[in-house]
Amino acid sequence: ILCAMIYAGLGMSGFDAVMHALTTCSTGGLGRYDASFAPFAGPLEYAASFFTIVASIPFVRMLQLAHGDPVPIWRDSQIRTYLGIIVALCVLIIAYQALRGTAALSFDLLREVVFNVVTIISGTGFASADVTQWGHLPFVLLVLAGLIGGCTGSTACSIKVFRYQVLFEALRGQLVQMHSPHRVRPLRLQGRRLDAEVVNSVMAFFTLFVLTFGALIVALALSGLHSRTALTAAWTAIANVGPMWGPEVTANGSVAAFPETSKWLMILGMYLGRLELITVLVVLLPRFWRQ
């Protein structure tokens with residue numbers, strides 16, 4: 001409700017404010033304009049960025065904040081890491097464009113970069129600019145951002161920051177073990193010990209995600225899509241991001257020209273990605289139904 005009220009106060013019509021508030025807070029990104037969020041360029045992008053970030057952090061932290069306890073939000077290393085990644089991506093992309101001379105430093109550039117970085121890393125999928133014109137490095141950074149995702153316990157999609165934290169902690173623990181084989185060093189995250197089951201689950205998810213992502217790229221390429229389209233189509237489907245780029249994608253982002261096989265493959269990818277892979281595969285096992 002608050003998001004819709006602010007949208008309306010900043011110039012959106014009542015219908016647009018309600019609809020975009022719903023798709024912002026659900027990180028769904030659905031819009032009714034071919035240009036996505038571009039018709040609302042300006043202060044509305046800052047408002048959308050704020051509410052998108054709020055929607056992509058753990059709900060439990062928001063409940064604690066609503067009850068007058070803001071401390072857990074700052075103490076949560078997942079939230080700090082998530083915000084740090086957003087800031088780092090924005091700084092790198094703005095610096096890259098400024099150094100190359102493709103864009104002058106300005107508040108308009110800051111607003112455009114912040115909005116598009118936030119909407120991609122959270123999996124919301126709104127767009128207010130053609131990010132392919134920013135250069136190769138920003139494009140690669142945005143693709144990587146889409147593979148990071150928001151926080152666990154939120155509406156955000158993709159792999160999630162928490163899993164990366166567990167992965168890096170497990171890797172660091174392995175390096176320490178190799179350096180000092182007799183040293184006992186329990187894996188910890190946010191001061192809590194990580195159980196072996198959690199680490200194994202995260203490792204299995206990462207392995208399955210990478211294998212599924214690669215298989216989907218190959219399958220889409222074999223279905224007739226250009227290699228760049230196949231890559232971004234697999235990326236947007238498995239990570240549930242939204243936008244994609246390639247020769248077969250129209251200026252308004254439509255995939256109407258895609259072969260039917262490609263569309264079915266993307267549907268499968270979105271289904272697997274939204275339900276986080278392992279859940280779907282477990283249900284498909286005959287053993288699950290026998291039990």
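The largest nonpolar core of this predicted model has 61 residues. Val-113, Val-117, Leu-220 and Trp-235 have the most contacts inside it. In soluble globular proteins, nonpolar side chains tend to be buried together.

**Largest core**
- Seven helices each supply at least two residues of this core: α6, α7 (107-121), α8, α9 (161-179), α10 (196-222), α11 (227-238) and α12 (260-274).
- The most comes from α10, which gives eight residues.

**Leu-220**
- Leu-220 is among the residues with the most contacts inside the largest core.
- Leaving aside residues up to four places away in sequence, Leu-220 touches Leu-225, Ala-230, Ala-233, Ala-234, Ser-262, Leu-265 and Met-266.

**A separate core**
- Another core lies apart from the largest one and has 14 residues.
- Its members include Cys-3, Ala-4, Leu-44 and Phe-51.

**Packing of α6 and α8**
- Helix α6 covers residues 77-100, and helix α8 covers residues 136-146.
- The two helices pack at an angle of about 165°, with their axes 9 Å apart.
- Angles over 145 degrees count as roughly antiparallel, so α6 is roughly antiparallel to α8.
- Their crossing is left-handed.
- On the α6 side, the contact is made by Leu-89, Leu-92, Ile-93 and Tyr-96.
- On the α8 side, His-136, Leu-137, Pro-138, Leu-141, Leu-142 and Ala-145 take part.
- By class, this contact has nine nonpolar residues, one polar residue and no charged residues.

Conventions. Residues are numbered from 1 along each chain as its sequence is written. This is a predicted model: local features need pLDDT of at least 70, side-chain atom pairs count only at pLDDT 80 or more; totals for chains, interfaces and linings use all residues. Side-chain values use heavy atoms; hydrogens and water are left out. Axes are lines fitted to C-alpha atoms, for helices over the stretch in contact, and angles run from 0 to 180 degrees between N-to-C directions. Helices (H or I, at least four residues) and strands (E, at least two) are DSSP runs, numbered from the N terminus. Angles under 35 degrees count as roughly parallel, over 145 as roughly antiparallel, 65 to 115 as roughly perpendicular and the rest as oblique. A crossing is left-handed if the near helix is turned anticlockwise from the far one by less than a right angle, and right-handed if clockwise. Contact means heavy atoms within 4.5 Å. Ala, Val, Leu, Ile, Met, Phe, Trp, Tyr, Cys and Pro count as nonpolar, Asp, Glu, Lys and Arg as charged, and the others, Gly among them, as polar. A nonpolar core is a set of buried Ala, Val, Leu, Ile, Met, Phe, Trp, Tyr and Cys residues joined through side-chain atoms within 4.5 Å. Buried means under 20% relative accessible area, exposed over 50%, partly exposed in between (1.4 Å probe, protein chains only).
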